[in-house]
Amino acid sequence: MDIDLLRNVSILRKLSDEELRAFCNLLLVREVKPKERIIEEGTPVKNFSIVMEGVVHIRRMANKREMLLGRLGPGGFFGEINLFDPGVATASIYAMKTTKLAYIDYEGFHKYMESNTATGYKIVSSMMTEMARRLRQTSARLVNTAYWSSAEGALPPRATAPGEMPAPEVSPEPLNPRPPI
């Protein structure tokens, strides 16, 4: 595998060429056909994957419909949540065209980080930065969705305890209004 392709992955950018080559040697490559489901929501996940070529869609079930959460192209990665918190997939991942994935199983990833602590720290630090960015985006989307789906743009009034004063009325203007198009 070409380490120059891995240099485009945000969590690997801080690695030296030597560190990147060592990590690269752990990765297996898999080609996925268009429309193939790579991961199914609610099933166990065993690998951390990097999109080397192609595009994948991340989708999650909501009210019996699959909703598109995001798209990842070359340099994007998925499977990071279960690397730290083992469980089932929080979303389904589909290849949208022929896609090449580089992947490593969680056990191998953990062993590598334990035996290469300086490199492991660089990877995990960068991964946490990316996960925090994703969480901020998700939070902003949630707030905008809640605001724009509300009839008046405000949350319903909070119930008050006996003798408690009701909360003041809240302006229906969003905290982060959408910029004009």
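Val-9 sits in the loop that runs between helices α1 (3–6) and α2 (17–24); helices here are DSSP runs of H or I with at least four residues, strands are runs of E with at least two, and both are numbered from the N terminus. The model is predicted, so local features need pLDDT of at least 70 and side-chain atom pairs count only at pLDDT 80 or more, while totals for chains, interfaces and linings use all residues. Residues are numbered from 1 along each chain as its sequence is written, and side-chain values use heavy atoms, with hydrogens and water left out.

Val-9 has a relative accessible area of 0%, and buried means under 20%, exposed over 50% and partly exposed in between, with a 1.4 Å probe and protein chains only. Leaving aside neighbours within four places in sequence, Val-9 is in contact with Ile-50, Gly-75 and Phe-77, where contact means heavy atoms within 4.5 Å. With Gly-75, 66 residues apart along the chain, the C-alpha separation is 4.2 Å.

| Residue | Relative accessible area | Contacts beyond four places in sequence |
|---|---|---|
| Val-9 | 0% | Ile-50, Gly-75, Phe-77 |
| Glu-80 | 7% | Phe-48, Met-127, Met-131, Arg-134 |
| Thr-119 | 7% | Leu-15, Glu-19, Tyr-112 |

Glu-80 belongs to helix α3 (residues 80–84) and is buried. Thr-119, also buried, is placed in helix α5 (residues 117–149).

Now to the strands. In a regular strand the side chains alternate between the two faces of the sheet. Strand β7 (residues 92–95) is covered on both faces, with Ser-92 and Tyr-94 buried on one side and Ile-93 and Ala-95 buried on the other. Two strands pair if DSSP finds at least two bridges between them. Strand β2 (residues 37–39) runs antiparallel to β7 and is joined to it by two bridges, with Ile-39 partnering Ile-93. Strand β4 (residues 56–62) also pairs with β7 in the antiparallel sense, over four bridges, and here Arg-59 partners Ser-92.

There is also an open sheet of four strands, in the order β1-β8-β3-β6 with antiparallel pairing. Its edges are β1 (28–32) and β6, each with a single partner strand, so one side of each has no neighbour in the sheet. Five bridges link β1 to the antiparallel strand β8 (residues 99–105), and Val-29 stands opposite Ala-102 in β8.

Finally, the largest pocket holds about 890 Å³ of space. Of its 28 lining residues, Ile-58, Leu-69, Ile-81, Arg-134 and Thr-138 are the closest to its centre. On a 1 Å grid over the protein atoms alone, a pocket is an open set of points with protein on both sides within 12 Å along at least five of seven lines, and lining residues have an atom within 4 Å of a point. Grid points are joined across faces, edges and corners, and the volume is the space filled by probe spheres set on the points. Helix α5 gives the largest share of the lining, 10 residues.

How values were computed
1 Å grid on protein atoms, 1.4 Å probe; cavity = no way out; pocket = protein on both sides within 12 Å on 5 of 7 lines; lining within 4 Å.
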